[in-house]
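This report describes selected local features of a predicted model. The sequence and the structure are shown first.

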Amino acid sequence: MSGGKKRNFGQAFNHRVPVDPEKTWKILEDAIDEIYNQNVSSLSYADLHRNAYNMVLHNFGDKLYSGVASSITSHLKEIADSMEIVQGPMFLEKLIYKWTEHNKAVQLIRDILMYMERTYVKYTHKPSVHELGLNLWRDNVIYSEKIQTRLRDKFLELVHRERGGDVINRGLMRSLTKMLMDLCPSVYQENFEKPFLVESADFYRVESQQFIEHFDCGEYLKKAEKRLNEEIERVSNYLDVKTEAKIAIVVEKEMIESHVKRLVHMENSGLVSMIMDDDKHEDLSRMYTLFGKFPNGHTIIRDVMTSHIRETGKDLVTDQERLKDPVTFVQDLLNKKDRLDKIISLAFNNDKAFQSAINSSFKYFINLNPRLPEFISLFVDDKIRNGLKTDKEGDIETVFDKVMILFGYLEEKDIFEKYYKQHLARRLLLGKTFSEDADRSFIVKLKTECGHQFTSKLEGMLTDIKTSQHTMQRFYASMSGAQLTDCPTLSVQILTSGCWPIQSSPTCNLPLEILNVCDKFKKFYLGTHMGRKLTWQTHMGTAVLGATFGNVQKELIVSTYQMCILYLFNYVNRLSFKEIEYVTKIPSSDLKRCLQSLACVMGKNVLRKDPMSKDIGDDDSFYFNDKFTSKMYRVKIGTAVSEKESEQEKQETRLRVEEDRRHQIDSAIVRVMKSRRVLDYNGIVTEVTNLLQSRFLPNPIVIKKRIESLIEREFLERDKTDMRFYRYLA
């Protein structure tokens with residue numbers, strides 16, 4: 001039974017209904033006409049599908065396919081002709097309407113020809129009905145002479161109107177883009193995108209020229225950014241996504257890249273003006289972002305900024321007027337660095353290349369002035385002396401961190417060490433440190449930056465002060481009550497000579513009362529510390545004196561030298577400069593400064609001088625001012641001494657530094673040669689520089705001289721076979 005059913009099915013399937021191709025095609029052609037005429041209610045899709053099926057089955061697929069193409073083409077030409085009479089804004093809307101109806105018609109035709117799609121089209125590799133409909137619309141409508149130019153012009157016209165501020169039908173524009181992209185991306189590119197990019201370049205070329213003539217740099221960049229964002233928004237609303245990168249390049253080229261030099265150097269509003277104005281971070285950020293969109297954009301900003309920083313920095317460090325106040329000068333440097341760091345953070349996205357440019361610029365101009373190490377040390381000295389008056393405890397650490405950045409730029413860190421040691425010594429001996437923790441904190445930062453060797457003596461100075469306090473407690477504990485009666489209170493700081501920057505100075509003649517208690521302390525100290533030697537540094541001490549002016553009691557805070565001078569007036573009424581110098585043995589230059597403070601400073605003049613003048617002469621005479629008055633019970637009388645060194649002192653400091661450097665270079669050469677045994681001159685210079693650059697940059701000429709010195713002292717010798725090399729002698 002099953003076999004019989006199989007035979008009957010086979011006979012039915014193989015049965016071919018006779019087909020008249022002309023008549024059958026006429027039925028299908030009429031159906032296509034009805035579909036395009038939107039009169040489909042009377043059509044029988046089952047019959048139409050059967051007719052198409054039979055034509056393919058009877059090998060009339062070619063006739064069917066070509067007939068469909070011809071029929072669709074005929075209708076599309078009619079559509080193209082009808083579009084010619086459509087004028088104004090209705091043109092694009094009518095075109096999209098016809099496109100939509102065409103797609104519907106093709107879909108219906110495709111349903112009728114489904115069998116042809118699965119068989120004939122598949123095996124002949126012809127375009128599907130859908131593809132055929134797209135291609136025919138492209139060739140007969142879009143590429144029609146009557147439509148192609150109008151379509152492009154209308155499309156561009158709407159874009160131009162939108163750029164001018166008009167509101168356009170974005171939905172229509174989106175439909176047009178989709179139509180072109182559905183036909184083929186190349187159709188969109190050739191018929192719209194390329195003309196769009198060319199027209200956009202022309203538009204922005206003209207507009208940018210108008211803008212740059214009428215607006216400053218900041219306003220111009222705002223308008224450029226706005227235009228760029230508008231184009232990106234336009235793409236997202238109704239253009240192909242791939243157009244975004246292309247139109248962005250056009251806007252960036254015409255509005256930014258073409259005017260980059262003029263924008264950067266624009267007078268009163270360019271990059272330099274923005275950097276100098278604290279309120280231009282937004283404009284700088286905009287410039288950074290926009291310039292970063294083309295090659296070398298950031299490099300141009302960086303080069304101009306670097307040039308400006310170096311130029312203004314050079315002016316700053318060579319401005320003699322500003323150099324008169326070292327503390328304010330260094331604060332100006334820190335403010336300049338803070339302002340630039342803020343720009344990097346807020347405007348330049350913490351760009352490391354820009355930060356590196358700032359660092360190299362500061363390193364360049366800071367080392368143009370050889371006094372910067374001294375000035376930075378004076379700044380730290382001022383902050384540690386007056387920190388609580390001007391900075392909160394937490395803020396002083398921030399100041400130290402900023403100072404360490406400046407310190408890192410110094411090439412001659414060893415000179416800073418010399419000055420810092422002097423200033424630290426003065427603070428510790430005069431008790432001018434507002435917080436011992438502040439001193440220790442800064443030394444820790446120096447140690448982190450330069451190593452233990454750099455700060456070992458500084459740490460030793462702090463240790464000496466602590467040790468001295470304990471020593472004085474033991475000294476007074478060892479004395480009986482009778483020994484302390486009518487004895488001046490003595491406070492001695494025992495300083496390790498190798499740690500402190502102590503210059504040999506003749507000891508002045510101390511008053512007898514002071515000398516007696518000093519001798520007692522010396523006996524106590526040497527009795528408990530065998531093999532040590534004490535040398536009094538009277539030029540570094542201070543004293544508190546009780547004084548009577550008429551019937552008024554005062555306390556005077558003075559230096560040891562000033563104390564010795566004032567003691568003389570307990571016994572005589574008037575003394576000449578020469579007499580004071582002879583009795584006290586105070587060096588002439590120091591004596592003049594002390595007398596100037598005692599006699600010439602208004603409100604502190606406990607002495608009078610003849611003749612009255614600001615300067616001290618060898619023939620001047622002095623007498624006690626019993627009419628001296630002050631609102632303060634305790635009057636502090638300073639010494640007329642400059643914060644900065646005199647020329648002679650600068651020369652002495654430089655000579656000491658050069659001497660230390662020679663020893664350090666010798667040590668470095670020996671260390672290198674002991675390790676390498678044999679090395680040429682260039683190799684020695686390279687390795688010695690690497691060893692010493694954390695303290696200073698050694699001069700190759702000096703290294704050469706030190707090599708010769710080491711040869712003379714038989715630490716090194718020239719290689720006998722190759723004179724370019726040096727050999728270490730064990």
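## Residues with positive phi

N59 is an exposed residue, its relative accessible area being 67%; this value places N59 in the exposed class because the cut-off is over 50%. The residue lies in the loop that links α3 (45-57) and α4 (61-83). Although N59 is not a glycine, its phi is positive, at about 65°.

E714 also has a positive phi, of about 65°, and is not a glycine. The loop between α32 (700-712) and β8 (716-718) holds E714. With a relative accessible area of 61%, E714 is exposed.

## A cis peptide bond

The peptide bond that leads from D610 to P611 is cis, and its omega is near -10°. P611 belongs to the loop between β4 (607-610) and β5 (621-624).

Is N191 buried or exposed? N191 has a relative accessible area of 8% and is therefore buried, the cut-off for this class being under 20%. In the secondary structure, N191 is part of helix α11, which covers residues 185-214.

When residues up to four places away in sequence are not counted, N191 touches I142, Y143, Q148 and R152. One of these residues, Q148, also takes part in a polar contact with N191: the two side chains are joined at 2.8 Å.

Terms used:
Residues numbered from 1 in each chain as written. Predicted model: local features only at pLDDT ≥ 70, side-chain atom pairs only at ≥ 80, totals over all residues. Heavy atoms only, no water. Helix = DSSP H or I, 4+ residues; strand = E, 2+ residues; numbered from the N terminus. Buried < 20%, exposed > 50% of the residue type's maximum accessible area, 1.4 Å probe, protein only. Polar contact = N/O pair within 3.5 Å; in protein donor to acceptor, adjacent residues only side chain to side chain. Contact = heavy atoms within 4.5 Å.
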